[in-house]
Amino acid sequence: MRALIENRFGFLALVLIALGALFGVAFVTRQGVAPVPVPPPGRVAVESVSTVCPDPAGARVSAITPPGGKGDGVATVAEVTEPGGKAPSVTRLEGPGVLWQREAPAKSGPLEVSGSGAMAAGLEAAQTTRRLKGTARGLAGVRCAEPGAGAWFVGPGPAAADVVLYLANADAADAIAEVLVYAGEGPVVSDRGNSLVLKPGEHRTVHLRDLAPSPLVMAIEVRTISGRVAASARAVLGKGKGADWLPAAAAPARTVVVPGIPGGGGRRELYVTAPGETDTVVHVKALTADAFFAMKNRESLDVPAGSTASLDVSTGIGGQPAAMVLTADVPIVAGVMATGTGSKPDVAFTAGAPAIEFGSVVADNRGGKDVSSRLILSAPGARAEVRVQVLPKRGAAPPPVDVEIPAARTKEIKLAPPGGGDFSVVVTPQPKSGPVYGGRVLDERTPDGLLLTAQPLALARTWVIAPPVQESSDVVLPDRPAPPSTGGD
């Protein structure tokens, strides 16, 4: 034993044996430790919102924060300017539930509508232009765009309309954006280069005919490489054919719902883009007040990889308010153009949109003798129920109305505050409601024809889903290599 202790290797062996014995005793006598439950993701109220109205010159700009926020907050409207330039005038919104509207001067640049604290949750802004003459005759409305990492638009191409892209950088850092065009013939590569650098406060217009002069139909992807960019797109068909903004479309997905297609006469044209590298067959179904149905001879649409295709669905939906439900085996982007009636028809656009899980707010609505606003709501799955609250510019708000949409049906709801006038509307799904998709249609009767514009309902900027926060040693440990791939998705 003494010889073993005097041998350094033997001494090390004794130490290891003793430690092993202690560990064994501790393992056998340990107390059970209950695992700490991982909390699920939670809803967190939005505390800061910034949106950009792209070209308000001569338009009516509307902004509102719906009532219900708690605490203090501020919402402002100011022109987007470069740092170091002339300080813009700043206008403050009065408070939650109060509709703010202004007629912007003819030479106004992009406006930033921003909110913080209680004035941020649900803050919504829109601009609407009304013209009775010229190539841009018609109602043209758009939801003011939130700066982000990307945006999609789909509709007619430069061979059918003058399409202009509006980009603005309202942040304090440079932004680099890339513009990609998917035409009927496939992806378009411009000799001029499609990347743009926008300095802080800078805004630009891009005429799509400079990038792709020949497409009849196309999709536009604005992809931000660094920073954030607010993107919007407008199409002017010219020669008395109408004008409107292309609403931002939902990101590519295998199932797309295009809601808010107005009823009445006129052409209805569906646009579908497959931006990936695989051809696809898109299955098309209409959802009306009667039911889901596949339109005869229009049940499907072949879309080659990297291209945009169109389909006339006018006779398929028969002039009814509707939604289109599209499915494909690859991600797609989609939209619809609706043409009005009369000697000088106007146009309106809607696009793929998400279900309004947290509700939706539309800032600009109007009612009167020749002007009307209405919601077109669709429940492609289970029965849905929403609460509709009208917030008039003047006078007290009427009581909210609960509306039921039967499963696999579309329902139209006419909107009007007491006495008519301008108003905002808040749509809130009720507990246990199925998924709801929708759009708002605004129209005006004139001697030359119906003016109209549409806006798909977007998720209200009220809540965000935040992952749970847990204590972890990973924040102080060096990065570990990822495990080898097993070949699965």
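How many Å separate the backbone nitrogen of Gly 141 from a polar atom of the side chain of Thr 453? The separation is 3.2 Å. The model shown is predicted, with local features requiring pLDDT of at least 70 and side-chain atom pairs pLDDT 80 or more, while totals for chains, interfaces and linings use all residues. Residues are numbered from 1 along each chain as its sequence is written, and side-chain values use heavy atoms, leaving out hydrogens and water.

**View B. Strands 11 and 15.** Strand 11 (residues 162-168) pairs with strand 15 in the antiparallel sense over five bridges, and Ala 168 is found opposite His 203 of strand 15.

View C. Thr 453, in strand 34 (residues 449-456), counts as buried because its relative accessibility is 2%, where buried means under 20% relative accessible area with a 1.4 Å probe and protein chains only. Its side chain makes a polar contact with the side chain of Asp 244 at 2.8 Å, such a contact being a pair of N or O atoms within 3.5 Å, one able to donate a hydrogen and the other to accept it. Setting aside residues up to four places away in sequence, Thr 453 touches residues including Leu 139, Ala 348 and Arg 440, with contact meaning heavy atoms within 4.5 Å.

Conventions
Pairing = 2+ DSSP bridges. Helix = DSSP H or I, 4+ residues; strand = E, 2+ residues; numbered from the N terminus. Buried < 20%, exposed > 50% of the residue type's maximum accessible area, 1.4 Å probe, protein only.
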